[in-house]
Amino acid sequence: MEYDLSNADICNAYTRVRSETEQLINGLSSEDCQIQSMPDASPTKWHLAHTTWFFETFILLKYQPHYTVVDEHYAVLFNSYYNAIGAQYSRPKRGLLSRPTLDQVMEYRKEIDTRMTAFIQQLRDSNILKLILLGLNHEQQHQELILTDIKHALSQNPMHPQRLKHYEFQDRQSSSLNWHSYQGGLVTMGASTKAFSFDNERPQHQVFVAPFKLANRTVTNGEFLSFINDGGYQNSLHWLSDGWEFVQSEAINSPLYWHQQGNQWFRYTMSGLQPLNLNEPLCHISFYEASAFASWSGKRLPTEFEWELAATQSVTQAPQFDPMTLEPSVVEEDNLQSLLGGVWEWTNSSYLAYPGFKPFEGDAGEYNGKFMSGQFVLRGGSCFTPTGHIRNSYRNFFYPQQRWQMSGIRLAADLT
């Protein structure tokens, strides 16, 4: 990569990111941090430990002469999926790890932070600095997972506990649904080498994009409620075969976290159960639901290349993360600024390697490439995404049935 980093830059970034992670657990009990509500999610405590293990394993253990690990058991307990590194504890059973305790995990973080800070200050290898930057971006990914996973865990409690005490009902009307047209053509996609990016965002390459139009905002709760009221979950004509099987077998008839009480709909939020705001962006839906809604609307989902082209031409600035909001904002403007930072937007693109894809070198080579099978790309970031972690080329990816992420819909159509 072409960009340069200084020791001071990395040291400051390291301190900031590690601190931001720990701020996310403010207000959570040790019991909250222990719980694992489903196999796809992980306990908050595990996220705190795993991101620390990453720096100890990929940086200190490999590049610090005569390094001694804090605890030899952590190599198995907090390894996520790095087969080249060694064995891993079963992912669906992470919630069973009552030891080490949360206090011990926080001590582990503190100890590794001390060692890493000293290591960075004396480092002279720019390639290792870039590997540390990868670790920080990895931790930012886990910051978002901490929020999505704890939201899912708390939602299982019939008390509907509040992660945040404050909730402000957005008493604003959303923008009318309008369309922005793009002529497409042969366009360059992907991240440059002038700043950090993940390996799955590279290399830059040319793609032909046919003329298309894209909605100025994502689908609202009210629009999706119309789909529900029109029998959308009961009409197989709008569903992919796997999607129809999914909603039937799981008895799904609304987005995740929606609750109907009598004739009124509510939605579980980080501030507990709240009346459904029809003007807020829809979130927490699967690719299958997104595809069915697009079919019902007479439109389609955009490809990831259509999405990136629109973002490159239309978005001027990424939003800032607000830990006291954690809900997508009502979109009032008739522009495409909401492409970044509202909800992750499902695309109709399978998660595959770009032409000329090369994984990260060394042990980090397992980071992304091994997951390029059976998943779909989401774009744009969300209100859960950390500041500085959103960019036009960023490719998120999940399986089509997964709903616990902050995922929504932006419609597209051919330009005729």
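**Sheets, helices and aromatic pairs**

Guide: Phe360 and Tyr367 are both buried. The model is a predicted one.

Visitor: What is the order of the strands in the open sheet of three strands?

Guide: β1 and β4 (residues 212–215) pair over four bridges, in the antiparallel sense. The pairing in this open sheet is antiparallel, and its order is β1-β4-β12.

Visitor: Which strands stand at the edges, each with a single partner strand?

Guide: The order of the sheet is β1-β4-β12. A strand with a single partner has one side left without a neighbour in the sheet, so the edges are β1 (179–182) and β12 (412–414).

Visitor: What does the twist average from one strand to the next?

Guide: The sheet is open and has three strands. From one strand to the next, its twist averages 25 degrees.

Visitor: How far apart are the end C-alpha atoms of helix α1?

Guide: Helix α1 runs over residues 7–23, which is 17 residues. At 1.5 Å a residue, the helix should span 24 Å. The model agrees, because the end C-alpha atoms are apart by 24 Å.

Visitor: What arc do the buried residues of α1 cover around the axis?

Guide: Those residues are Ile10, Cys11, Ala13, Tyr14, Val17, Arg18 and Thr21. They lie on the same side of α1, because around the axis they cover an arc of only 165 degrees.

Visitor: What covers the buried residues of α1?

Guide: Tyr14 and Val17 are among the buried residues of α1. The cover over these residues includes α3 (44–63), α5 (102–122) and α6 (126–155).

Visitor: How many aromatic pairs does the count come to?

Guide: Rings pair if their centres lie within 6.5 Å. By this rule, the count of aromatic pairs is 37.

Visitor: How many residues apart are Phe287 and Phe376?

Guide: The two rings are stacked, 3.9 Å centre to centre with 15 degrees between the planes. Phe287 belongs to helix α9 (residues 287–297) and Phe376 to strand β9 (residues 376–379). Both residues are buried. The pair links distant parts of the chain, and the residues apart number 89.

Visitor: Why is the pair of Phe360 and Tyr367 edge-to-face?

Guide: Edge-to-face applies to planes over 60 degrees apart. The ring centres of Phe360 and Tyr367 are 6.0 Å apart, and the pair is edge-to-face because the planes stand at 90 degrees.

Visitor: How many residues of strand β8 are buried?

Guide: Strand β8 has seven residues, 344–350. The strand is largely enclosed by the rest of the structure, because the buried residues number five.

Visitor: What is the bridge partner of Glu345 in β9?

Guide: β8 joins strand β11 (residues 407–408) through two bridges, in parallel. In β11, Glu345 stands opposite Gly408. β8 and β9 run antiparallel and are joined by three bridges. In β9, the partner of Glu345 is Arg379.

Visitor: What do the buried residues of α7 pack against?

Guide: In helix α7 (residues 221–229), the buried residues are Asn221, Gly222, Phe224, Leu225, Phe227 and Ile228. They pack against β5 (258–261), β6 (264–269) and α9.

Visitor: Which residue just after α7 takes a positive phi?

Guide: Helix α7 covers residues 221–229. Just after α7, a positive phi of about 80 degrees is taken by Gly231.

Note on methods. Residues numbered from 1 in each chain as written. Predicted model: local features only at pLDDT ≥ 70, side-chain atom pairs only at ≥ 80, totals over all residues. Heavy atoms only, no water. Pairing = 2+ DSSP bridges. Axes fitted to C-alpha atoms, helices over the stretch in contact; angles between N-to-C directions. Expected span 1.5 Å × (residues − 1). Buried < 20%, exposed > 50% of the residue type's maximum accessible area, 1.4 Å probe, protein only. Arc of directions from axis to C-beta. Contact = heavy atoms within 4.5 Å. Phe/Tyr/Trp six-rings, centres within 6.5 Å; stacked < 30°, edge-to-face > 60°.
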